[in-house]
Amino acid sequence: MELKNVSKIYKLKDEEINALSDFSYKFEMGKMYGVKGHSGSGKSTLINILGLLEMPTKGTYIIDKRDVSKLNSKELADLRLNTIGFVFQDFYLDENMTALENVMLPLLVNKSLSFKEKEEKAQKLLMEVGLNSRIKHFPKELSGGECQRVAIARALANNPKIILADEPTGNLDEENEKIIFEQLKKLSKEGKCVIVVSHSDEINNYADEILKISKGKLVDKK
Ligand code: ADP
Ligand code: MG
């Protein structure tokens with residue numbers, strides 16, 4: 001994924017907000033990136049653009065060798081479903097579904113797998129995040145850390161090459177934060193590109209690169 005001079009400008013009534021300005025960076029496969037910056041600095045805007053949830057106002061975004069501005073809405077939706085996995089601070093699990101059903105959700109539209117195969121795949125993903133004994137549990141019967149692991153398993157359902165996590169440990173204690181960072185790190189070691197927004201200094205121990213954002217600009221990378 002490469003951003004070339006990307007800006008995102010929100011136009012309000014009598015104000016323009018430069019949420020991202022002239023942002024250029026190339027993300028590589030097999031690496032874990034940490035994104036840091038004060039509240040309002042543009043971190044979520046960056047994740048939303050990378051995840052095709054929003055379009056740049058200016059500049060070029062290349063994903064999977066394709067220029068995003070040249071894709072139609074179906075191509076964008078396909079890319080979003082099959083190339084990108086999202087993990088959010090609030091998990092966004094369906095409270096009325098078990099862990100297994102939540103992980104199966106992105107697989108339901110997949111016509112090449114039978115229901116049984118979808119179930120087996122979801123089960124395997126939950127096993128990989130260490131939740132094999134919790135597959136029949138509902139979100140309210142799981143701890144925050146467990147919920148986030150379900151969300152990671154769900155993000156992996158369509159075997160995406162890219163994982164985008166926006167403050168995934170914002171609601172978790174230090175111990176669970178380490179578990180989540182470790183799992184995200186493992187995914188990068190398997191070859192995925194993993195991008196994690198985090199306020200926590202713990203991310204420094206996991207990320208291969210740290211990007212620091214201030215007022216929509218990339219100010220530091222190390
Ligand atoms: P962060 O995630 O680093 O806290 P954001 O990317 O959410 O920051 O926001 C960056 C700036 O853009 C903030 O000033 C925020 O208020 C503004 N912003 C974000 N989304 C919108 C929107 N949909 N409309 C208008 N302004 C927005
Ligand atoms: Mg944010």
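Guide: Ala122 lies in helix H4. Please bear in mind that this is a predicted model.

Visitor: Is Ala122 buried or exposed?

Guide: Ala122 is buried, because its relative accessibility is 0%, and the cut-off for buried is under 20%.

Visitor: What is Ala122 in contact with, beyond its neighbours within four places in sequence?

Guide: Leaving those neighbours aside, Ala122 is in contact with Leu100, Val103 and Met104. As for Ile17, which is 105 residues away along the chain, its C-alpha is separated from that of Ala122 by 41 Å.

Visitor: How many residues does H4 have, and what does it span?

Guide: H4 covers residues 115-128, which is 14 residues. From first C-alpha to last it reaches 20 Å, close to the 20 Å expected at 1.5 Å a residue.

Visitor: Which residues of H4 are buried?

Guide: The buried residues of H4 are Lys118, Ala122, Leu125 and Leu126. Viewed down the axis of H4, these fall within an arc of 100°, so they line one face of the helix. The face turned away from that buried side carries Lys116 and Met127, which are exposed.

Visitor: What covers the buried residues of H4?

Guide: The cover includes helix H3 (99-104) and helix H5 (144-155).

Visitor: And what follows H4?

Guide: Gly130 follows H4, and its phi is positive, near 80°.

Visitor: Let us turn to the nonpolar cores. How many residues are in the largest one?

Guide: The largest nonpolar core has 37 residues, and those with the most contacts inside it are Leu126, Val150, Ile152, Leu184 and Val196. At least two residues of this core come from each of H3, H4, H5, strand E7 (162-166), helix H6 (174-189) and strand E8 (193-197). H5 gives the largest share, 6 residues. A second, separate core has 29 residues, including Leu3, Phe27, Leu52 and Ile84.

Visitor: Which residues does Val196 touch, setting aside its neighbours within four places in sequence?

Guide: With those neighbours left out, Val196 is in contact with Met32, Tyr33, Gly34, Val35, Ala165, Pro168, Phe181, Leu184 and Ile203.

Visitor: Why is E8 described as largely enclosed?

Guide: E8 is largely enclosed by the rest of the structure because 5 of its 5 residues are buried. Cys193, Ile195 and Val197 point one way from the strand, while Val194 and Val196 point the other way.

Visitor: Which strands pair with E8 in the parallel sense?

Guide: Strand E3 (residues 32-36) runs parallel to E8 and is joined to it by 4 bridges, with Tyr33 having Ile195 as its bridge partner. E7 also pairs with E8 in the parallel sense, over 5 bridges, and there Asp166 stands opposite Val197.

Visitor: What about helix H2: which of its residues are buried?

Guide: In H2 (residues 73-83), Leu76, Leu79 and Thr83 are buried. They cover an arc of only 75° around the axis, which puts them on the same side of H2. Ser73 and Lys74 are exposed on the other side. The cover over the buried residues includes E4, E5, strand E6 (84-88) and E7.

Visitor: Finally, the open sheet. What is its strand order?

Guide: The open sheet has 4 strands in the order E2-E1-E4-E5, with antiparallel pairing. Its edge strands are E2 (15-26) and E5 (66-67), each pairing on one side only. Strand E1 (residues 2-12) pairs with E2 over 8 bridges in the antiparallel sense, and Glu2 has Lys26 of E2 as its bridge partner.

Visitor: What lies across that sheet?

Guide: Helix H1 (residues 43-50) lies across E1, E2 and strand E4 (58-63), and it runs at about 115° to E1.

Definitions and conventions: Residues numbered from 1 in each chain as written. Chains lettered and ligands numbered in written order. Predicted model: local features only at pLDDT ≥ 70, side-chain atom pairs only at ≥ 80, totals over all residues. Heavy atoms only, no water. Expected span 1.5 Å × (residues − 1). Buried < 20%, exposed > 50% of the residue type's maximum accessible area, 1.4 Å probe, protein only. Arc of directions from axis to C-beta. Contact = heavy atoms within 4.5 Å. Pairing = 2+ DSSP bridges. Axes fitted to C-alpha atoms, helices over the stretch in contact; angles between N-to-C directions. Core = buried A, V, L, I, M, F, W, Y, C linked by side-chain atoms within 4.5 Å.
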